[in-house]
Amino acid sequence: MGRPYSQDLRERVVQAAAVISRRQAAARFGVGIATSIRWMAALTTTGAVAACPQGRARRSKLDPHEAFLCALIAEKTDMTLGEMRARLRDEQTLTVGVGTLWSFLDARDLTYKKDGPCHQAGAPEREGGARGMVRGPARSRPRPPRVPRRDLDLHQHGPHPRAFTAR
């Protein structure tokens, strides 16, 4: 989206358009003819040439239900987004998407991230996890990195097939 013209430029164009024609003022300051005409019309109707705010207001349909959501989180701290959506639908008759709910909670820093190795492979009573899981580095011996080597004078089957001979 384009940015509005500065307030200083708007005032200079309007002052010049009061003395000379609107077209000449537009040409002098390098703005469009329609722009200077619009600014003069705004000055006569509203008394100001300030730019209108751009964009839309950042509101969420969950704003009126913020207290309800905070109470849900206080009741059960590890509630999933699906459970929150179900409670909103059942108790508040409000249907929202997972992304909308997540954005709302993230903007208010009400998110909860589970930490630690909660869901590893293996039975919960086992100490080491599932059999066959790698517990250390995949290779026991460190290997040098494989860097391709290109020798133009040596070939694996003798001399290089396109070797140039001296004249």
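Rings of Phe, Tyr and Trp (the six-membered ring of Trp) count as an aromatic pair if their centres lie within 6.5 Å, and the pair is called stacked when the planes are under 30 degrees apart, edge-to-face when they are over 60, and tilted otherwise. This structure holds 1 aromatic pair. Tyrosine 5 and tryptophan 39 form it, with 5.5 Å from centre to centre and 90 degrees between the planes, which makes the pair edge-to-face.

The structure is a predicted model, in which local features need pLDDT of at least 70 and side-chain atom pairs count only at pLDDT 80 or more, while totals for chains, interfaces and linings use all residues. Residues are numbered from 1 along each chain as its sequence is written, and side-chain values use heavy atoms, with hydrogens and water left out. The predictor's confidence in each residue is given by pLDDT, on a scale from 0 to 100; the protein averages 79, and 66% of the residues score at least 70. Confidence is highest in helix H2 (residues 22-29), at 94, and lowest in H6, at a mean of 88. The helix names follow DSSP runs (H or I, at least four residues, for helices; E, at least two, for strands), numbered from the N terminus.

Tryptophan 39, at 7% relative accessibility, counts as buried, whereas tyrosine 5, with a relative accessible area of 40%, is partly exposed.

The interior comes next. A nonpolar core is a set of buried Ala, Val, Leu, Ile, Met, Phe, Trp, Tyr and Cys residues joined through side-chain atoms within 4.5 Å. The largest such core has 13 residues, of which Leu62, Leu69, Met84, Leu88 and Leu101 touch the most other members. At least two residues of this core are supplied by each of helix H4 (66-75), helix H5 (81-92) and helix H6 (98-107), and the largest share, 4 residues, comes from H4. Leucine 69 is in contact (heavy atoms within 4.5 Å) with Leu62, Met84, Leu88, Leu101 and Phe104, when residues up to four places away in sequence are not counted. A second, separate core has 11 residues, including Val13, Val14, Ala16 and Ala25.

An α-helix has 3.6 residues a turn, so residues three or four places apart point the same way.

A salt bridge is a side-chain nitrogen of Lys or Arg within 4 Å of a carboxyl oxygen of Asp or Glu, and the structure holds 7 of them. In one of these, arginine 108 and aspartate 63 meet at 2.7 Å, N to O; arginine 108 is in the segment after H6 and aspartate 63 in the loop between H3 and H4, so that this bridge links parts of the chain 45 residues apart. Arginine 108, with a relative accessible area of 30%, is partly exposed, as is aspartate 63 at 29%. Asp63, Glu66 and Arg108 are linked in a network of salt bridges. Another bridge joins glutamate 75 and arginine 87 at 3.4 Å, N to O, and connects helix H4, which holds glutamate 75, to helix H5, which holds arginine 87, across 12 residues. Glutamate 75 is exposed, with a relative accessible area of 55%, while arginine 87 is partly exposed at 23%.

Threonine 93, in the loop between H5 and H6, has a phi near 50 degrees, a positive value in a residue other than glycine, and is exposed with a relative accessible area of 70%. Aspartate 109, in the segment after H6, has a positive phi of about 55 degrees although it is not a glycine, and is exposed with a relative accessible area of 63%.

How values were computed: Buried < 20%, exposed > 50% of the residue type's maximum accessible area, 1.4 Å probe, protein only.
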